[in-house]
Amino acid sequence: CIYGDPAYPHSIHVRGPFCGSALTAAQALFNKKMSAVRVSVEWCFNNIVSHFAMLDLKRGLKLYLQAVS
């Protein structure tokens, strides 16, 4: 399964951090370990986008270069 943000719905294939104020010690440890790994994965995504600029939608959009009309 894939570990995602809390915004993603939980399913068989997507997991997220445990939420709530009454977490067990194992759940808190899981959240801590997965958040550390997630940061390094996001660095890899940044590296991929820097090599393949077409994947970066913000840079790919050419807004306000010419009049629409």
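Asn-31 is found in helix α1, where helices are DSSP runs of H or I with at least four residues and strands are runs of E with at least two, numbered from the N terminus. The Asn-31 residue is buried, with a relative accessible area of 15%. Buried means under 20% relative accessible area, exposed over 50%, and partly exposed in between (1.4 Å probe, protein chains only). Asn-31 touches Tyr-3, Pro-17, Phe-18 and Leu-23, leaving aside residues up to four places away in sequence; contact means heavy atoms within 4.5 Å.

The model is predicted: local features need pLDDT of at least 70, side-chain atom pairs count only at pLDDT 80 or more, and totals for chains, interfaces and linings use all residues. Residues are numbered from 1 along each chain as its sequence is written, and side-chain values use heavy atoms, without hydrogens and water. Mean pLDDT (the predictor's confidence in each residue, from 0 to 100) is 79 for the protein, and 84% of the residues score at least 70.

Phe-45 is exposed, at 52% relative accessible area. Together with Ile-48 and Phe-52, Phe-45 forms a nonpolar patch on the surface. The accessible area of the three is about 300 Å² together.

The search of the whole structure finds 0 disulfides, a disulfide being a pair of cysteine sulfur atoms within 2.5 Å. Cys-1 is exposed, with a relative accessible area of 74%. Cys-19 is exposed too, at 63%.

Terms used: Patches are made of residues with over 30% relative accessible area and no salt bridge: like charges are joined within 9 Å, nonpolar side chains (Val, Leu, Ile, Met, Phe, Trp, Tyr) within 5 Å. Accessible areas come from the Shrake-Rupley method with a 1.4 Å probe; for residues, only the protein chains shown count as cover. A salt bridge is a side-chain nitrogen of Lys or Arg within 4 Å of a carboxyl oxygen of Asp or Glu.
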